[in-house]
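Here's a quick briefing on strand pairing and charged side-chain contacts. Have a look at the model first, then we'll go through it topic by topic.

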Amino acid sequence: MESRQGILREAKWTDVFWRGLYEAQVGESSYTVEIDYFDIRERIALYRNGVLVDSQKSPATFELPEGGRIEVAMALYGVKYARVVDGGRSNGGEVQLAPAPGSAEYLRLRFAQQHPAVSRVIAILTWVVLVVALVTQLPVTLNSLGHWVGFAVPTFALPNWANTALAVAGLLAALDRAFRMKHNPLLDD
């Protein structure tokens, strides 16, 4: 990912739709990871004190001069993980990077802090929607693949409006999980 003059630009309100920013303080340095979710090359940029120091393809491992490393991997939308792994500790401890102000993840975190009960209900609903979508749509997908080898799996006969509603709800649920930095290979890949 090429940066303009190698300086991290401030987040704008429109960035919440496509740009992820995660940060951590390591020693005296402030590190920020920048991800463009629509970059097909899946480049991840690392900034130290606001200056670009490295850019790698996902999954990325950035070795830090203070010791340890930052590991980041992209998911279909959002991140699988963004963490600091401290190689200097005997237990090899790791800490998740915090979402930076101006990112969708930061806004979702603030919402969860301000409205914890509502946030928990939304989290439960997103999980239920994704599981229902998986259970109802996986047989349809298998049948479309099975057409070529001659097998069929029983499917749920949902009306078109229900399939459309489930698709929209599934997209919103996946976005909420991405904004909460939750990743499960069965639900989110």
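A quick word on burial: a residue is buried under 20% relative accessible area, exposed over 50%, and partly exposed in between, using a 1.4 Å probe and protein chains only. What you're looking at is a predicted model, so local features need pLDDT of at least 70 and side-chain atom pairs count only at pLDDT 80 or more, while totals for chains, interfaces and linings use all residues. Residues are numbered from 1 along each chain as its sequence is written, and side-chain values use heavy atoms, with hydrogens and water left out.

**The sheet**

- Strands here are DSSP runs (E, at least two residues; helices are H or I, at least four), numbered from the N terminus, and two of them pair if DSSP finds at least two bridges between them.
- Five strands make an open sheet with antiparallel pairing, in the order β4-β3-β2-β1-β9.
- At the edges sit β4 and β9 (98–99), each of which pairs on one side only.
- Strand β1 (residues 19–26) runs antiparallel to β2, and 8 bridges join the two; V26 stands opposite S29 in β2.

- Strands β3 (residues 43–48) and β4 (residues 51–57) are antiparallel partners over 6 bridges.
- I44 has Q56 in β4 as its bridge partner.
- The hairpin has 2 residues between its strands, and N49 takes a positive phi near 50° there.

**Salt bridges**

- Searching the whole structure turns up 7 salt bridges, each being a side-chain nitrogen of Lys or Arg within 4 Å of a carboxyl oxygen of Asp or Glu.
- One of them joins K57 to E42, at 4.0 Å from N to O.
- K57 lies in strand β4 and E42 in the loop between β2 (29–36) and β3, so this pair ties together parts 15 residues apart in sequence.
- Both ends are partly exposed: K57 has a relative accessible area of 47%, and E42 comes in at 28%.
- D39 and R41 form another, with their closest N and O atoms 3.4 Å apart; D39 is buried at 11% relative accessibility, whereas R41 is partly exposed at 48%.

**The salt-bridge network**

- R83 forms a salt bridge with E71, with 2.7 Å between the closest N and O atoms.
- That pair links distant parts of the chain, with R83 in strand β7 (residues 79–85) and E71 in strand β6 (residues 69–74), 12 residues apart.
- E71 counts as buried, at 11% relative accessibility.
- R69, E71, R83 and E94 are linked in a network of salt bridges.
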